[in-house]
Amino acid sequence: MLCAVSVLRLLAVRERGLRRARLLFAGGAHGSGLDDPGWFGPLRSRVRGRLRREWLCLPVAGAIAVLGGSVLPLLAGALAVPLLGRKLRGAAELREQLRRTDAVIALCVAVAGELRAGRQPGEALLTAGRGAGALGAAEAAVLAAARFGGDVSEALRRAAREPGAGGLVGVAACWRVSVDGGAGLASGLDGLGGALRAERDQRADLRAELAGARSTVVVLALLPIGGLLLGTALGAHPLWTLLHTPAGWCCLLAGGVLEAAGLFWAGRIVRAGEDA
């Protein structure tokens, strides 16, 4: 298992090196050995596409099962795979939302700069919005509306439905006001960008303040593992007791329930602080 993990780690490092080389030598990678030809490249791509971090629960559970001589850790590892996968997907979605929020702020600043440079609103949006990442899947619709004189504000409202892109509602409102009433679009986008930036910084400060609470939760959740290691060092064989005796099974069940309840409770407290 250690050899398999090491091989996967080396493949990941090598892939990052190849990707960096392709970026540095753009246009000259063909024929230079950087394209990674042969059967090993597609095989590695398929393995990396299907291998998820949550599947690492299985080899860890397998090692514990071998040490404890029981299949219970394997069952627990199999149950932990979907739970950990859901947690990792939630974290990835949160990172994507934060990235899109930053892209919306950058879009406001870029469009305002293009307007002050003398461009028309449609041209400014076409220049700043192409590939910016703020518009998401609706980028083509928004840019088409800006290019051919469509309803840009409505297209921006549809783009704002994606997670993290709520600031586009303000962009749509500024666009509607500037088109209907002739108000300054650049100054409106500057104000909107400042408001979105202040809200982002406030949320970042809140996450920084809650980082201590999260660290405390993690430390408390890992304390039972420290107890098992300490008992093993003292020669008490706690793993064998937990996995092979009725009293150990009861303790394991009660401890698992209390651990899950504690994590859920602490997580709910942290989420309540974030929502507030």
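**The largest cavity and its surroundings**

Modeller: The largest share of the lining of the largest cavity, 3 residues, is supplied by helix 4 (helices are DSSP runs of H or I of at least four residues, numbered from the N terminus). The model is a predicted one, in which local features need pLDDT of at least 70 and side-chain atom pairs count only at pLDDT 80 or more, while totals for chains, interfaces and linings use all residues. Residues are numbered from 1 along each chain as its sequence is written, and side-chain values use heavy atoms, with hydrogens and water left out.

A search of the whole structure finds 1 cavity of 30 Å³ or more (a set of points on a 1 Å grid over the protein atoms alone where a 1.4 Å probe fits but cannot get out; lining residues have an atom within 4 Å of a point). The volume of the largest cavity is about 50 Å³, counted as the space filled by probe spheres set on points joined across faces, edges and corners. Its lining consists of Leu-107, Cys-108, Val-111, Leu-125, Val-171, Trp-175, Leu-185 and Leu-189. At least two lining residues come from each of helix 4, helix 8 and helix 9.

Several of these names return in the largest nonpolar core, which has 35 residues; Leu-107, Val-111, Leu-125, Leu-156, Leu-168 and Leu-189 have the most contacts inside it. Two or more core residues come from each of helix 4 (72-116), helix 5 (121-129), helix 6 (139-148), helix 7 (152-159), helix 8 (168-181) and helix 9 (185-233). Helix 4 gives the largest share, 8 residues. A nonpolar core is a set of buried Ala, Val, Leu, Ile, Met, Phe, Trp, Tyr and Cys residues joined through side-chain atoms within 4.5 Å; buried means under 20% relative accessible area with a 1.4 Å probe, protein chains only.

Beyond its neighbours within four places in sequence, Cys-174 is in contact with Leu-185, Gly-188 and Leu-189. Cys-174 and Leu-192 are 18 residues apart in sequence, with their C-alpha atoms 8.6 Å apart in space. In helix 9, the buried residues include Leu-185, Leu-189 and Leu-192.

Terms used. Buried < 20%, exposed > 50% of the residue type's maximum accessible area, 1.4 Å probe, protein only. Contact = heavy atoms within 4.5 Å. 1 Å grid on protein atoms, 1.4 Å probe; cavity = no way out; pocket = protein on both sides within 12 Å on 5 of 7 lines; lining within 4 Å.
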